[in-house]
Amino acid sequence: MELREVIGNRRSIRYLDPDKPVEIEKIQRMLEAARVASHFGNNNAVRALVVHRESATPEQLASLPSPVGGFQIKLAPVVILWYVEGDAMDEAGERLRELVHCGALGYGPNRFKELEETLVPLFNRIGEALKGPGMVDMDLGQAVAQATLMAFEQGLGTCCQGSADWDNVRRAFGLPESCRIVVVQTVGYPLEPPDGGGQRPRLPFERLFQLNAYDTPFPRSEAVVDELSRDRLLQPPAPLPGREESIEAIRERYDLPGSGMI
């Protein structure tokens, strides 16, 4: 499958096959893709804890998000807790030195002097602030995105969920207080078609993106739209024919709630 088609198909898949195990090698490939994602300052603060539904404790499973997507946790063979390890920022200086030594940061004969006299002290000074939501969460988002692309490339489906009580989840899985869970990702083989019933609604392109000024929409070329449609990055809008019948059959098969929400 071409990358554009993978991206085009990369929408949330909420209905996963609980009876089809996910090979651990496929999860590893997702984590490998996440590991090499961009990290500001090479901080490596993005971490993940993989939860196997069949071997997790009842207490652990009960702690996972449920008010909106409980049926997804019930179905998913694997969930991944994506979190930020705040203490990673305590090693910011060492990570920056690695970047300079491998030629990825700085240039010229004085780059090591500037590193030690300017950049490392700066990161040490603002390290506590960097542990909170901000750039490190952007790093986590990029890691999850790359893991998701890898999942779809391997025929898997995923969906991300939040929680009203991350501290409860953190304690259930033994994560220290320095860890801040950001999102839970369900992983499994789709029960529904990989197109997820069609492209989910999005606001108009011109409303989302601007060029040089807030009141100047980014120009959208119809030729580019046609090209991406041919490559299946842009796909027909939801719902596709037969969508309601498809998810109703899944609901009845697995005795899911009638609303499809809880």
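Author: Five bridges join strand 3 to strand 4 (residues 179-188), and the two run antiparallel. Strands pair when DSSP finds at least two bridges between them. This is a predicted model: local features need pLDDT of at least 70, side-chain atom pairs count only at pLDDT 80 or more, and totals for chains, interfaces and linings use all residues. Residues are numbered from 1 along each chain as its sequence is written, and side-chain values use heavy atoms, with hydrogens and water left out.

Reader: Which residue of strand 4 is the bridge partner of cysteine 160?

Author: Glutamine 185. Strands (E, at least two residues) and helices (H or I, at least four) are DSSP runs, numbered from the N terminus.

Reader: Why is strand 3 called largely enclosed?

Author: Buried means under 20% relative accessible area, exposed over 50%, and partly exposed in between (1.4 Å probe, protein chains only). Four of the five residues of strand 3 (residues 157-161) are buried, so the rest of the structure largely encloses it.

Reader: How do I read the span of helix 6?

Author: The expected span is 1.5 Å times one less than the number of residues. Helix 6 (residues 111-130) has 20 residues, and a straight helix would reach 28 Å. Its end C-alpha atoms are only 23 Å apart.

Reader: Where is the kink in helix 6 centred?

Author: The bend at a residue is the angle between axes fitted to the seven residues ending there and the seven starting there. In helix 6 the kink is about 40°, centred on asparagine 124.

Reader: Which residues of helix 6 are buried, and what covers them?

Author: Leu115, Val120, Phe123, Gly127 and Leu130 are buried. Their cover includes helix 5 (92-101) and helix 7 (135-153). Contact means heavy atoms within 4.5 Å.

Reader: Which members of the largest nonpolar core touch the most others?

Author: A nonpolar core is a set of buried Ala, Val, Leu, Ile, Met, Phe, Trp, Tyr and Cys residues joined through side-chain atoms within 4.5 Å. Here the largest has 31 residues, and Met30, Trp82, Leu140, Leu156 and Val187 touch the most other members. Helix 7 gives the most to this core, with six residues. A second, separate core has 18 residues, including Ile13 and Trp166.

Reader: Is proline 241 buried or exposed?

Author: Proline 241 counts as exposed, because its relative accessibility is 81%. It lies in the loop between helix 10 (222-230) and helix 11 (243-253).
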